[in-house]
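Good morning, and thank you for coming.

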Amino acid sequence: MMKLSLLSVLIGSAVGFTATSSARTSVSTKAAIDDLKSIAEKSNPVLKFYDPLELSSTTIWDNTNDQTIAFLRHSEIKHGRVAMAAFVGYIVQSNGIHFPWPMSFDGTPFPYAAGSPPEQWDALSDEAKWQIILFIGFLEWFSEATGTHYMRGGVPGAYPKFSDSDVIPHPVPLNLFDPFGFSEGKSAEAKANGLIKELNNGRLAMIGIMGFISEQRVEGSVPLLKGLVAHYDGETMAPFA
């Protein structure tokens, strides 16, 4: 699902969230920019820090620069994750891989025979589409409403644990992020390196999934994919069309 997509940049400093003087704000912002440049150089040693739109110096919705940077940073991480899931899902669905059980109680199978991934989506009933959209909406609401918000001292990209929340009325055995706890014992250095890898993989996945969709809609728009993906006459960005 591709209705998500925003911008980019870094981790905001918690000091900047409670600044009471221009001097403190200046120090906080400088630290944020320094972190941004450090991450940029690690994620792309050739291009390094590149901000032609000057997003790193702007503010949005009456928030501070640090809070704005945290918002943009969180957006890039989140949309990179969505794109990675979409890219892998596109490949899986294109190869006819699907769950073996029926999709509904009446025995209707998953629409793997409908064609390409967009055509499989079109073949779903409106009820099934709404279930998917509302579930994604719940995940969005949960990430914004629980835990320490990434614009108010939290960590951009960190998803709250279901197990730590009291807003869900029943136990949830697995968390959305790292459900099996593989990252819990990792060092800070290992986690920082993992973040760089996630950023780069997410950026590449965003290019990849948009390449698939573009080639399906406009044949020849992505020469490397010409003949590899089927043409699609539907409307990609209209989920109920």
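How many helices and how many strands are there in the protein chain? There are six helices and zero strands, where helices (H or I, at least four residues) and strands (E, at least two) are DSSP runs numbered from the N terminus. The order along the sequence is accordingly written α-α-α-α-α-α.

Two remarks on the source. This is a predicted model, in which local features need pLDDT of at least 70 and side-chain atom pairs count only at pLDDT 80 or more, while totals for chains, interfaces and linings use all residues. Residues are numbered from 1 along each chain as its sequence is written, and side-chain values use heavy atoms, with hydrogens and water left out.

Of the 241 residues in the protein chain, 33% are buried, that is, under 20% relative accessible area, with exposed meaning over 50% and partly exposed in between, for a 1.4 Å probe and protein chains only. Taking contacts (heavy atoms within 4.5 Å) between residues at least 6 apart in sequence, 57% join residues at least 24 apart.

I turn to the second largest pocket. A pocket here is an open set of points on a 1 Å grid over the protein atoms alone, where a 1.4 Å probe fits, with protein on both sides within 12 Å along at least five of seven lines; lining residues have an atom within 4 Å of a point. The space in the second largest pocket is about 980 Å³, a volume filled by probe spheres set on the points, which are joined across faces, edges and corners. Its lining has 37 residues, with Arg81, Ala158, Phe177, Ser183 and Lys191 nearest the centre. Helix 3 (65-94) and helix 6 (188-217) each supply at least two lining residues, and helix 6 gives the largest share, seven residues.

Finally, the aromatic rings. The structure holds 12 aromatic pairs, meaning rings of Phe, Tyr and Trp (its six-membered ring) with centres within 6.5 Å; planes under 30 degrees apart are stacked, over 60 edge-to-face, and the rest tilted. Why is the pair of Phe99 and Phe110 tilted? The ring centres of Phe99 and Phe110 are 5.5 Å apart and the planes stand at 55°, so the pair counts as tilted. Both Phe99 and Phe110 lie in the loop between helix 3 and helix 4 (117-123), 11 residues apart. Phe99 is partly exposed at 48% relative accessible area, and Phe110 is partly exposed at 23%. Elsewhere, Phe138, Trp141, Phe142, Tyr159 and Phe162 form one aromatic cluster.
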